[in-house]
Amino acid sequence: MRAVSSTVTTTVRLAAAVLAVVLLAALLVALRTPAASAAPSVLSTGRPAVASSTDSSSRSAAKAVDGNTATRWASARTDAQWLRVDLGRTATISSITLRWEVAYAKAYKLQVSADAKTWTTVSNVTAGKGGVVRKAVSGTGRYVRMLGVQRGTVHGYSLWEFQVTGTPVTPTTPAPSPAAGGAGHRLAGGSGS
């Protein structure tokens, strides 16, 4: 009877080990399979924003990304002004919406950056007319800015909202390294036979 009990114990241990290996393999496959892309969403609302200037403390850069169309950012009355939002992580940018107040930009650039130092222009507008402007763009970055080139009025630039739409980039999971020692591993607790 002892031989049958030992065989059953060995069989149960072997089955548990096989099940553990199968579950681990399934987990590794799941981690290495790219996730389905999420639908683009507004990424800028409530994120940190800074600007080259403001014309009043009540019209700070944060007002352009607060989700409230009754508050706004307004710059000093010069052409070379900008507004920048930090998305918090790298994203694929699909569109940028600008809700201009009366003080709009006649010429401006929409730009993306990974580090807020080196910028790539994703849209160059030379005949802006204000209002609500939605620009379809294609770019990747953590930071997005509107760089004013030429004002459309005697005032500075003023945005009720600066909305960046896109999809956060999911970092890839590196493949697990092979176990040290190669083949010939023994299961702990096994009888060795």
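Author: Buried means under 20% relative accessible area, exposed means over 50%, and partly exposed lies in between. By that rule, buried residues make up 32% of the 193 residues in this protein. The model is a predicted one.

Reader: What makes up the protein in terms of helices and strands?

Author: The protein has one helix and eight strands. Read from the N terminus, the order is α-β-β-β-β-β-β-β-β. Of the contacts between residues at least 6 apart in sequence, 74% join residues at least 24 apart.

Reader: Why is strand 5 called largely enclosed by the rest of the structure?

Author: Strand 5 covers residues 105-113, and seven of its nine residues are buried, so the strand is largely enclosed by the rest of the structure.

Reader: What makes Ser113 buried or exposed?

Author: The relative accessibility of Ser113 is 2%. The cut-off for buried is under 20%, so Ser113 counts as buried. Ser113 lies in strand 5. Leaving aside residues up to four places away in sequence, Ser113 touches Thr118, Trp119, Gly141, Arg142 and Tyr143.

Reader: How do you know that strand 5 pairs with strand 7?

Author: Pairing requires at least two bridges between the strands. Eight bridges join strand 5 to strand 7, residues 132-151, and the two run antiparallel. Within strand 7, Arg145 stands opposite Gln111.

Reader: How many bridges join strand 5 to strand 6?

Author: Five bridges join strand 5 to strand 6, residues 120-125, and these strands are also antiparallel. With at least two bridges as the criterion, this too is a pair. Gln111 stands opposite Thr121 in strand 6. The hairpin of strand 5 and strand 6 has six residues between the strands, and in it Ala116 takes a positive phi near 65°.

Reader: Why is the contact of Arg142 with Asp86 called a salt bridge?

Author: The term needs a side-chain nitrogen of Lys or Arg within 4 Å of a carboxyl oxygen of Asp or Glu. The closest N and O atoms of Arg142 and Asp86 are 2.7 Å apart, and the pair forms a salt bridge. This pair links distant parts of the chain, with Arg142 in strand 7 and Asp86 in strand 4, 56 residues apart.

Reader: How many salt bridges does the structure hold?

Author: The structure holds four salt bridges. One of them joins the side chains of Arg72 and Glu101, at 3.7 Å from N to O. Arg72 is in the loop between strand 2 (49-51) and strand 3 (73-74), Glu101 is in the loop between strand 4 (82-100) and strand 5, and the two are 29 residues apart. Arg72 and Glu101 are both buried.

Reader: What makes the pair Arg59 and Asp55 a salt bridge?

Author: The side chains of Arg59 and Asp55 meet at 2.9 Å, N to O, and the limit is 4 Å. The pair is therefore a salt bridge. With a relative accessible area of 24%, Arg59 is partly exposed. Asp55 is partly exposed as well, at 40%.

How values were computed
Residues numbered from 1 in each chain as written. Predicted model: local features only at pLDDT ≥ 70, side-chain atom pairs only at ≥ 80, totals over all residues. Heavy atoms only, no water. Buried < 20%, exposed > 50% of the residue type's maximum accessible area, 1.4 Å probe, protein only. Helix = DSSP H or I, 4+ residues; strand = E, 2+ residues; numbered from the N terminus. Contact = heavy atoms within 4.5 Å.
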